[in-house]
Amino acid sequence: MDRDRVLATLADMITPTGGLVIVNDNCLVRPVTDWQRAIEEIQARFLGTVRRAGSGVFVPPTESYELVLGGSRFRQAERIVYEFERQWTLDQVVGYLYSTSFPIRRLLGDRRASFEKEITETLRACCPDGRFVEPVHLAAIFALPPT
């Protein structure tokens, strides 16, 4: 997305007593555990290493949210990081993979059943109890509206 344009639009919409919060966590697309890395490897085998989003290709932003906010009309951006553990079940993991902006279902086509089978078998081998624990670093960036 055009982050500068979105911030300019939001600056015109937010009341003087309002504010902006940008929330982002590491989720399953930035693996930190063995089971998450296994998912990433399976996805790469089935879908390649270029991440697609919508009808295009996902290109990670090169500038931090704080830097982009600093160039906007918003003021006093502050980052707070919350750390906690998130527990997933196998069904939740598969459901999440299909719910992101990466069009996994469409790209898998008739290989969907094979993908799900491999994910299931691999994750069961990683965590036989069926509980997948993810350390989460959730960042919330708060900014005040323009004066």
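Which residue forms a salt bridge with glutamate 118? In this predicted model, the partner is arginine 45, and the closest N and O atoms of the two sit 1.7 Å apart. Glutamate 118 belongs to helix H6 (residues 112-126) and arginine 45 to helix H2 (residues 34-47), so the pair ties together parts that are 73 residues apart in sequence. Glutamate 118 is partly exposed, at 23% relative accessible area, while arginine 45 counts as exposed because its value of 51% is over the 50% cut-off.

Why can such pairs form at all? Side chains of opposite charge can pair when their charged atoms come close. Searching the whole structure turns up nine salt bridges.

Next, look at aspartate 129, which bridges to arginine 131 with the closest N and O atoms 3.9 Å apart. Here aspartate 129 is exposed, with a relative accessible area of 53%, whereas arginine 131 is partly exposed at 43%. There's also a network of salt bridges, linking Asp25, Arg86 and Glu134.

Now for the nonpolar side of things. Val21, Val23, Tyr82, Phe84 and Phe142 make a nonpolar surface patch of about 430 Å². Strands S1 (20-24) and S4 (75-88) each supply at least two of the patch's residues. Phenylalanine 84, found in strand S4, is partly exposed, with a relative accessible area of 36%.

Notes
Residues numbered from 1 in each chain as written. Predicted model: local features only at pLDDT ≥ 70, side-chain atom pairs only at ≥ 80, totals over all residues. Heavy atoms only, no water. Patch = residues over 30% accessible without salt bridge, like charges linked within 9 Å, V, L, I, M, F, W, Y side chains within 5 Å. Areas by Shrake-Rupley, 256 points an atom, 1.4 Å probe, with all protein chains shown as cover. Salt bridge = Lys/Arg side-chain N within 4 Å of Asp/Glu carboxyl O. Helix = DSSP H or I, 4+ residues; strand = E, 2+ residues; numbered from the N terminus. Buried < 20%, exposed > 50% of the residue type's maximum accessible area, 1.4 Å probe, protein only.
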